[in-house]
Amino acid sequence: MAETETRTRTGTTTTRTAVRLEAVTKDFGTVRAVDAVDLTVREGEFFSLLGPSGSGKTTLLRLVAGFEQPTAGRIELAGDDVTATPPNRRDAHTVFQDYALFPQMSVEQNVAYALTVRGVRKAERLARAREALTTVRLDGFAARRPAELSGGQRQRVALARALVDRPAVLLLDEPLGALDLALRQEMQTELKELQRTTGITFLLVTHDQDEALTMSDRIAVVRDGRIEQTGPPVEVYERPATAFVAGFVGTTNLLRGEAAVRVVGRPGTYSIRPERILLTEPAEPPAEAVSSADGRRTVTGRVTDIVHAGAHTRFTIALPHGDRLTVLRQNLTGLPQSARPDGQIGLSWDEKDAFPVPS
Amino acid sequence: MPAAPTSGSRLRLIALLAPPLLWLTLAYLGSLAILLLSAFWATDSFTSDVVHTWNTDNFHELLTTPVYRTIALRTLSIAVAVTVIDALLALPMAFCMARVAGRRWRRPLLVAVLTPLWAGYLVKAYAWRVMLGEDGVVGAALAPFGLHGPGYGTTAVVIVLAYLWLPYMILPVYAALERLPERMLEASADLGAGAWRTLRSVVLPAVRPAVFAGSVFTFSLSLGDYLTVQIVGGKTQLLGNVIASQVTLDLPMAAALSAVPVVLIVCYLAAVRRAGALDSL
């Protein structure tokens, strides 16, 4: 494919789009899985679709791959309308959640499949398959069968198979879902690295916020077939556009109605990230939430639960009137005296860290 | 890992397995052994009584008489032809049932394939005899094209046997195709393969063991059949007919002839075992 050779590499800032969805809707019978979604993925970008299971994110990916036909709307790959193009003529490859390696073929034959299909000469085919296997650090596994590999190794084969002919877009459907935690974190770093060195646009589907936050250039948070917010990880995390995003991306303290008035001091819906709340010595006597002159807000509460989680500790604090706040604290220095179960403790946060979210 | 059986549970196991094992050894393997044993006996040419004298004359006659060799080869060819035809018919049919037809249609289609198995063998064979006869529908259907029906003979035998054993080929192939994950087909298309390439590189390798499994049935049932050939075979003779006609005249010779399909089937099973077909039975 000629256009793959002229593609811009990493480093060149480009505003060309790799994937564009315009008002794409997909119905399965009476169920609307994707509801008028507009989405633009830039070339060379690591883009994640983040959402709970059943949110329609996988359907979105399958629409881009061509496994599903949209009920309405338009899909573009690299500027070309591919809405009616079958999967085998789209310049995008998929890494499936269960890898979908061909069991009767060797690792090498699996990886070379895209080249075999296109009639690439055997010598070149094998050379490029080996090269792809080297990229995913699987040299020496060429002759094995998929059944003889571990989960992590199969994952790498699936990656090599999808990258071997350098597609314009790589679609990854929960690629790390079946791996254990340590391997998952290792693969996160590797995927990001792979994306950077190849310059191929990655479109990743995941329900794991850590995964999305760690690897992506931009994230789209999907819920009920719609996109709630699109933006860089920092923005999505720090400035969630909706209460759902605030709750789904990272943990947060959501305060609504009466609770908002009591704790934040204003009506509406507010989100305070648990790591933004500081633990202090309690005020004497115990006080309800008040604002201080330096733009901070303080309150006294009672510690109801302490969970030590390695690098940080999670406190649950009961405030007057029964409101609860979760506080995350890095285990850097000693704790205030009163940070023990049932102890009275002071909480303090910057008023700017209690930010309003449309509910 | 299951725990090692205690002596009590081992006794129960033996008690449970003894009757079927006894049945298998005595009734099944025993009769086969006696059959093979009797092939080494002789027949008194005047009285047609079996004489219990040990000799290999029957096998000698079997291997040196050209007519026996011709019949054995003919039987083998017919069994191979029936198997190949069934495989070629079953693949697209099973594919339609498992992959093309909607989920709602699968069960009715499966029943449609199985129903003929419930009808009597003779009924089906005679139905074909009528259809293939002088004024049968087959001839009538071919007449406008200036063709004639095959009439009674080897071709008719192949057609009818292929018809009779087709369900035994469709069922394992259908099961294999239904087990084939949709993801495999998607992955193939995703990597640029068209329908034919996917069929050749992904679907066929996945159903190959099932085709071999089905062929065990079509092949062995065809080798042993002797009724169909009597009904639609005209003058064609197969091993089964020869054995049947020898049973009353020369039982040891019939036994020696029976050893031929047994040997062929054992060879065939050994061959398909290498292809992994027996794993999916």
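Over residues 19–249 of chain A, the chain is 36% helix and 27% strand, with the end C-alpha atoms 24 Å apart. That stretch carries the annotation "domain: ABC transporter" in an unreviewed UniProt entry. Please keep in mind that this is a predicted model.

- Six strands of chain A form an open sheet in the order E6-E7-E8-E3-E9-E10, and the pairing is mixed.
- At the edges sit strand E6 (92–95) and strand E10 (226–231) of chain A, each of which pairs on one side only.
- On average, neighbouring strands of this sheet are turned by 20° against each other, direction ignored.
- In general, the strands of a sheet pair through backbone hydrogen bonds, in either a parallel or an antiparallel sense.
- Within this sheet, strand E7 (residues 169–173) and strand E8 (residues 201–206) of chain A are a parallel pair, joined over five bridges.
- One residue to look up here is A:Val169, whose bridge partner in E8(A) is A:Thr201.
- Helix H5 (residues 151–163) of chain A packs on the sheet and touches E6 and E7 of chain A. The direction of H5 makes about 175° with that of E6(A).

**Helices H2 and H3 of chain B**

- The axes of helix H2 (residues 57–64) and helix H3 (residues 66–100) of chain B come within 5 Å and cross at roughly 75°.
- Angles of 65 to 115 degrees count as roughly perpendicular, and H2(B) and H3(B) are therefore roughly perpendicular to each other.
- From H2(B), the contact is made by B:Glu61, B:Leu62, B:Leu63 and B:Thr64, while H3(B) supplies B:Pro66, B:Tyr68 and B:Arg69.

**Helices H8 and H9 of chain B**

- Helix H8 (residues 182–190) and helix H9 (residues 195–224) of chain B pack at an angle of about 140°, and their axes are 10 Å apart.
- That angle makes H8(B) oblique to H9(B).
- The crossing of H8(B) and H9(B) is right-handed.
- On the H8(B) side, B:Met184, B:Leu185, B:Ser188 and B:Ala189 take part, meeting B:Thr198, B:Val202 and B:Val203 in H9(B).
- The residues of the contact between H8(B) and H9(B) divide into five nonpolar, two polar and no charged.

Methods
Residues numbered from 1 in each chain as written. Chains lettered and ligands numbered in written order. Predicted model: local features only at pLDDT ≥ 70, side-chain atom pairs only at ≥ 80, totals over all residues. Heavy atoms only, no water. UniProt positions renumbered as here; feature names shortened; annotations may be inferred. Helix = DSSP H or I, 4+ residues; strand = E, 2+ residues; numbered from the N terminus. Axes fitted to C-alpha atoms, helices over the stretch in contact; angles between N-to-C directions. Parallel < 35°, antiparallel > 145°, perpendicular 65-115°, else oblique. Contact = heavy atoms within 4.5 Å. Left-handed = near helix turned anticlockwise from the far one by under 90°. Nonpolar A, V, L, I, M, F, W, Y, C, P; charged D, E, K, R; others polar. Pairing = 2+ DSSP bridges.
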